[in-house]
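Work through the exercises below with the model open. Try each task before you read its solution.

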Amino acid sequence: QVQLVESGGGLVQAGGSLRLSCAASGCPFSPYAMGWFRQTPGKERECVARIIWNVGSTSYSDSVTGRFTISRENAKNTVYLQMNSLKPEDTALYYCAAQLGPGSAYSNFGRGTQVTVSS
């Protein structure tokens, strides 16, 4: 069973930056894709960034395009989310998850790391 552990969250002022990390441990790790999600109370979980693991191609939600960058370090089984120009509306609990195959649902969600952006 693969376990995903997020880190790097915190409190930052609007306009600031944070870098989140998601480290995988457990079985040999070779997902089809990895995604970063966020959720706030009363709202649905939103996928903000996705990376195809072997190819490295990326995609982003409209709300973060141009500000967030997803990347991965295959040798460390780690995926990152660089968040720049943060806004108060980016405040959320951020999760990573693995998509094990094309078309499969995301699974193995971590416990999340809290990001709070003050105005």
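**Exercise 1.** Determine which pattern the protein follows along the sequence.

*Solution.* Strands here are DSSP runs of E with at least two residues, and helices are runs of H or I with at least four, both numbered from the N terminus. Read along the sequence, the pattern is β-β-β-β-β-β-β-β-β-β-β. The count is 11 strands and 0 helices. This is a predicted model: local features need pLDDT of at least 70, side-chain atom pairs need 80 or more, and totals for chains, interfaces and linings use all residues. Residues are numbered from 1 along each chain as its sequence is written, and side-chain values use heavy atoms, without hydrogens and water.

**Exercise 2.** Check the radius of gyration of the protein against that of a compact globule.

*Solution.* Take the radius over C-alpha atoms; the globule rule is 2.2 Å times the number of residues to the power 0.38. For 119 residues, the rule gives a value near 14 Å. The protein has 13 Å, so it agrees with a compact globule. Its C-alpha atoms fill a box of roughly 40 × 25 × 25 Å along the principal axes.

**Exercise 3.** Decide whether serine 21 is buried or exposed, then list its contacts.

*Solution.* Next, apply the cut-offs: buried is under 20% relative accessible area, exposed is over 50%, and partly exposed is in between (1.4 Å probe, protein chains only). Serine 21 has 19%, so it is buried. Finally, find contacts, meaning heavy atoms within 4.5 Å. Leaving aside neighbours within four places in sequence, serine 21 touches Val5, Glu6, Ser7, Trp36, Thr78, Val79 and Tyr80.
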